[in-house]
2 protein chains.
Amino acid sequence: MMATDSLDARVDEILKSLGRRTTAPRRQVARLLASKRGAFSAESINAELPEVGRATVYRTIRLLAEAGVLCKALLPDGSPRYSIDHSWHHHHLICSSCETVEEFRSSELERLLGELSDEIPGQVLGHQVDFYLTCPNCLQ
Amino acid sequence: MMATDSLDARVDEILKSLGRRTTAPRRQVARLLASKRGAFSAESINAELPEVGRATVYRTIRLLAEAGVLCKALLPDGSPRYSIDHSWHHHHLICSSCETVEEFRSSELERLLGELSDEIPGQVLGHQVDFYLTCPNCLQ
DNA sequence: GCTACTGGTGATACGTAGTATCAATATATG
DNA sequence: CATATATTGATACTACGTATCACCAGTAGC
């Protein structure tokens with residue numbers, strides 16, 4: 001599968017650039033992630049990979065999130081969901097019903113957030129904007 | 001203390017309006033919360049009230065959060081912090097260093113978020129905006 | 001003020017999310 | 001191929017929160 005192969009290569013590259021080793025467990029996790037559409041919990045990945053240790057699953061997810069391959073969104077209650085990061089900077093549309101997470105971009109929003117960051121005392125490191133909604137699907 | 005007394009009264013009122021009972025443990029939790037400045041974790045409240053059960057501490061915090069007395073902010077890693085809710089609708093300035101949570105309001109931001117909500121497919125229920133920063137204090 | 005009804009409490013157990021430890025193992029490199 | 005070391009996975013631990021359930025205490029009605 002094209003997408004899987006390219007993510008494999010991307011993961012190899014990232015690991016190399018970080019001086020990390022390319023191991024079988026990391027490949028297994030990366031391949032499973034690549035097959036996922038939408039958002040997922042770390043625990044669900046762990047459940048689908050009984051042959052990979054839990055700690056390794058979590059470590060790999062963290063590694064890929066820090067490398068920008070995955071991004072982390074928080075459901076309204078704070079529980080994290082991960083998804084493949086398709087675009088550089090974006091926010092999230094989170095369905096409170098089916099927990100689907102979609103990416104969302106708005107240059108106008110970005111501009112305003114930038115302006116506000118300049119006004120806020122201290123050094124702004126980043127921001128998070130999430131919309132909680134009932135998605136068209138869940139509205140029937 | 002004035003602030004404590006008024007929160008006591010407010011909590012009594014809220015409990016009454018919800019048809020809930022005014023109990024000693026709920027008062028203890030509410031009093032401790034009133035004495036807090038800034039944000040705190042549920043667990044820290046639990047630790048400071050050994051005579052109140054953990055379940056009751058969490059139940060009371062949830063009750064007060066749902067009633068609008070407390071508001072919940074999420075640190076960058078998703079761990080929740082609670083603080084007395086001083087103003088109706090606001091966002092958060094979260095110091096990544098000292099974990100201080102401050103309230104933040106911007107009518108311009110609110111207006112834009114409202115506009116965007118209209119454009120987003122599905123029924124938008126709410127949004128969350130957080131700025132992560134190093135606060136002036138932590139910048140020395 | 002007493003009593004009964006029922007909501008609240010707290011001990012315990014459970015579930016999710018994630019990190020720390022550490023002996024055993026696999027990888028990249030000379 | 002040998003070896004230094006990054007990585008693994010079992011286990012244990014922390015934070016955060018909910019479910020259960022026997023017992024207790026508010027509150028409404030008399």
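Chain A of this predicted model is divided into domain 1, spanning residues 2–84, and domain 2, spanning residues 91–133; these bounds come from an automatic or database domain assignment. Residues are numbered from 1 along each chain as its sequence is written, and chains are lettered from A, with ligands numbered from 1, in the order in which they are written. Local features need pLDDT of at least 70 and side-chain atom pairs count only at pLDDT 80 or more, whereas totals for chains, interfaces and linings use all residues; side-chain values use heavy atoms, with hydrogens and water left out.

Chain A holds 5 helices and 5 strands, where helices (H or I, at least four residues) and strands (E, at least two) are DSSP runs numbered from the N terminus. Read from the N terminus, the order of elements in chain A is α-α-α-α-β-β-β-β-α-β. Taken along the principal axes, the C-alpha atoms of chain A fill a box of roughly 45 × 40 × 30 Å.

Within chain A, the C-alpha centres of domain 1 and domain 2 are 23 Å apart. Contact, defined as heavy atoms within 4.5 Å, involves 9 residues of domain 1 of chain A and 9 residues of domain 2 of chain A. The two domains of chain A bury about 750 Å² between them, with 59% of this area on carbon and sulfur atoms; buried area is the accessible area (1.4 Å probe) that two parts lose on being put together, summed over both. Of the area that domain 1 of chain A buries against domain 2 of chain A, 47% is supplied by A:L74, A:L75 and A:P76, more than by any other three residues.

The interface between domain 1 and domain 2 of chain A contains 1 salt bridge, a term that denotes a side-chain nitrogen of Lys or Arg within 4 Å of a carboxyl oxygen of Asp or Glu. The side chains of A:R81 and A:E99 meet in a salt bridge, with the closest N and O atoms 3.4 Å apart. Because A:R81 lies in strand β2 of chain A and A:E99 in the loop between β3 (91–95) and β4 (101–104) of chain A, the pair ties together parts that are 18 residues apart in sequence. Over all chains, the count comes to 12 salt bridges.

Between domain 1 and domain 2 of chain A there are also 2 residue pairs in polar contact, both residues being at pLDDT 80 or more. A polar contact is a pair of N or O atoms within 3.5 Å; within protein, one must be able to donate a hydrogen and the other to accept it, and residues adjacent in sequence count only if both atoms are side-chain atoms. On the side of domain 1 of chain A that touches domain 2 of chain A, β1 (70–74) and β2 (80–84) of chain A each supply at least two residues. The most is given by β1(A), with 4 residues. By class, this side of domain 1 of chain A has 7 nonpolar, no polar and 2 charged residues; Ala, Val, Leu, Ile, Met, Phe, Trp, Tyr, Cys and Pro count as nonpolar, Asp, Glu, Lys and Arg as charged, and the others, Gly among them, as polar.

The contact between chain A and chain B takes 33 residues from each of the two chains. About 2700 Å² is buried between chain A and chain B, and carbon and sulfur atoms give 68% of this area. Between these chains the count is 0 salt bridges, while 9 residue pairs are in polar contact, both residues being at pLDDT 80 or more. On the side of chain A that touches chain B, β1, α5 (107–119) and β5 (123–134) of chain A each supply at least two residues, and β5(A) gives the most, with 12 residues. This side of chain A comprises 19 nonpolar, 10 polar and 4 charged residues.

Strand β5(A) pairs with strand β5 (residues 123–134) of chain B in the antiparallel sense over 11 bridges, pairing being assigned if DSSP finds at least two bridges between two strands. Within this pairing, A:H127 stands opposite B:F131 in β5(B).

In chain B, strands β3 (residues 91–95) and β4 (residues 101–104) run antiparallel and are joined by 4 bridges. B:L93 stands opposite B:E102 in β4(B). The hairpin of β3(B) and β4(B) has 5 residues between the strands, and B:E99 takes a positive phi near 65° there. B:D77 is placed in the loop between β1 (70–74) and β2 (80–84) of chain B, and its side chain is joined to that of B:S79 by a polar contact of 2.7 Å. B:D77 and B:T134 are 57 residues apart in sequence and 15 Å apart in space, C-alpha to C-alpha.
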